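Thank you all for making time this morning. I would like to walk through one structure slowly, for those of you who have not seen it before, so please have a look at it first.

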Amino acid sequence: YKTFDSKDMELDIGVLIRSGIIAPGSVLHFDPTPDLKSPTDAQIKSLTDYCKKLGITLVVSLTF
């Protein structure tokens with residue numbers, strides 16, 4: 001991703017869950033690259049809440 005966009009990420013995560021690539025109960029780690037603008041708290045919360053609805057845990061590394 002070039003930007004942290006929870007809507008685009010939600011679509012991709014949903015596909016991965018439905019295809020069985022990511023199983024319920026999994027932990028998804030997001031480690032942004034140094035050139036990626038830091039996501040806002042609202043963006044992180046939105047994506048975290050979405051993942052929780054799907055039964056997975058999102059961990060976002062905010063260190064670069």
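Before I point at anything, one term: when I say strand, I mean a DSSP run of E with at least two residues, and the strands are numbered from the N terminus. Please also keep in mind that this is a predicted model.

Let me begin with Phe30, which has its place in strand E1, residues 27-30. Is Phe30 buried or exposed? Its relative accessible area is 14%, and since buried means under 20%, Phe30 counts as buried. If we leave aside the neighbours within four places in sequence, Phe30 is in contact with Tyr1, Phe4, Met9, Leu36, Leu58, Val59, Val60 and Ser61. One of these, Leu58, is 28 residues away from Phe30 in sequence, and yet the two C-alpha atoms are 7.4 Å apart in space.

Now to the two faces of a strand. In a regular strand, side chains alternate between the two faces of the sheet. In E2, which spans residues 57-60, Leu58 and Val60 make up the covered face, while Thr57 and Val59 make up the uncovered one.

Next, the interior. As a general background, nonpolar side chains in soluble globular proteins tend to be buried together. Here the largest nonpolar core has 14 residues, and those with the most contacts inside it are Phe4, Ile13, Phe30, Leu47, Cys51, Ile56 and Leu58. Which elements give two or more residues to this core? They are H1, H2 and E2, and the largest share, four residues, comes from H2. Taking Cys51 as an example, and not counting residues up to four places away in sequence, we find that Cys51 touches Ile13, Ile56 and Leu58.

How many salt bridges does the count come to? It comes to two. In one of them Glu10 is paired with Lys7, with the closest N and O atoms 3.7 Å apart. The two residues are three apart in helix H1, which means that about one helical turn separates them. Within this pair, Glu10 is buried at 11% relative accessibility, whereas Lys7 is exposed, with a relative accessible area of 52%.

The other salt bridge joins Asp49 and Lys45, and there the closest N and O atoms are 2.8 Å apart. Both residues lie in helix H2, four residues apart, or about one turn of the helix. Asp49 has a relative accessibility of 30% and so counts as partly exposed.

I am happy to take questions.

Key. Residues are numbered from 1 along each chain as its sequence is written. This is a predicted model: local features need pLDDT of at least 70, side-chain atom pairs count only at pLDDT 80 or more; totals for chains, interfaces and linings use all residues. Side-chain values use heavy atoms; hydrogens and water are left out. Buried means under 20% relative accessible area, exposed over 50%, partly exposed in between (1.4 Å probe, protein chains only). Contact means heavy atoms within 4.5 Å. A nonpolar core is a set of buried Ala, Val, Leu, Ile, Met, Phe, Trp, Tyr and Cys residues joined through side-chain atoms within 4.5 Å. A salt bridge is a side-chain nitrogen of Lys or Arg within 4 Å of a carboxyl oxygen of Asp or Glu.
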